[in-house]
Amino acid sequence: MSTHEHYMTLALELAAGGIGAVEPNPLVGCVIVKDNHIIGQGFHERFGGPHAEINALADCRKKGFDPAGATVYVALEPCCHTGKTGPCTQVLTEAKIARVVAAVQDPSSKVAGKGFAKLHQAGIEVVVGVCESEAKRLNAPFFKHAKTGLPWVIAKWAQSIDGRLSWQNPPLHGHWISNEKSRLDGRILRKRTQAILVGVNTIISDNPRLTIRIPETIIDRPPLRVVLDTHLRMPWDSHLITTPEAPTLIVTSRHTVQTEPDKVSSLFSAGVDVLAVNEKDRRCDLADVLSELGLRGIQQLLVEGGPTVLSAFLKDRLVDEVCIYIAPLILGAGGIADLSAALAGGGAAEKLSNVKIQTLDQDVKITGILNHPDR
């Protein structure tokens, strides 16, 4: 590993500290090096807060070091525009930084090389492409949305060892397949996203709240709750209508909006938004849904629907990442909703990359990326 790669790896590790707190902003870490010693480091800690470069410079000065002449290692091209914070290129210039080593260019239209140009104009040396693939993998949702306008889609489900997603007759202790620790982990995953999607059948059968609910955690920006409801069968007493904990969006067909104007008007009156999309195979066109959600600024979408919704997203090759909780159960005839059966005959076999395996008490969590080489 070269010196550049060593320090950039540290910057990427720092960046990961912002997972679940900065989205839809990118994950960025920064390390400041002078005379082969780290004199400051930081990362983008929360949405709307100081960027990684600002925090690293503050850390540097807090320790009594002068950043003039130092090299800055940063996971993403420094911004050059004023948003919720000022431009990092200006701050780096004023600190008299000698060199900026960036992992990758920012793909967003507001930056896209303009930050590097500003640094060059200020006489700062720029090196780009150190640990580029690792940086792109870390910020894959940000890159996808910036380049395509579409959300990064995460499909999440819990299943038994034999692939069953639910009980035929739920036991007295509850209908869950996964354990309590896995369910908490799933709510932590929700915190990373800007929207959670299910089908109306899930609402009818389970009446979920689709909120985060992490102990001792204040949620400033709860994810949008999205329901696919082609024929507007949403129960009026469902938590998604009666509770104001998070905004709710009902996605239905254009035909239904035209034929059920009173229902649409009542939903709006109840504080629920309604989105009309095209139909495909007598259901909401998922590609149309993703396009509309992308326009609304949804960068990461968590699909938590039942087997019908999950299989539809997988068959249409719209899933980017999977998160599967496997419980130590063999349900056999006592289980229903076999996702494998729902997928029979649809799509080619796919191999996950960037696979991570974690145990949560006796459950096993598997996550991975679907590469979709034909996209």
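Q: Which residues of the largest nonpolar core touch the most other members?
A: Of its 37 residues, Met 8, Ile 32, Val 72, Ile 97 and Val 100 do. A nonpolar core here is a set of buried Ala, Val, Leu, Ile, Met, Phe, Trp, Tyr and Cys residues joined through side-chain atoms within 4.5 Å. The model is predicted, so local features need pLDDT of at least 70 and side-chain atom pairs count only at pLDDT 80 or more, whereas totals for chains, interfaces and linings use all residues. Residues are numbered from 1 along each chain as its sequence is written, and side-chain values use heavy atoms, leaving out hydrogens and water.

Q: What makes Cys 79 count as buried?
A: Its relative accessible area is 7%; buried means under 20%, exposed over 50% and partly exposed in between, with a 1.4 Å probe and protein chains only, so Cys 79 is buried.

Q: How do you know that Cys 79 is in no disulfide?
A: The nearest cysteine sulfur, that of Cys 88, is 3.7 Å away, while a disulfide is a pair of cysteine sulfur atoms within 2.5 Å, and therefore Cys 79 is in no disulfide. For Cys 131, likewise in no disulfide, the nearest cysteine sulfur is that of Cys 30, 14 Å away.

Q: Why is Cys 131 called buried?
A: Cys 131 has 12% relative accessibility and therefore counts as buried.

Q: What makes β9 and β10 a pair of strands?
A: Two strands pair if DSSP finds at least two bridges between them; β9 (residues 224-228) and β10 (residues 248-253) are joined in the parallel sense over four bridges, so the two strands pair. Within this pairing, Val 226 stands opposite Leu 249 in β10.
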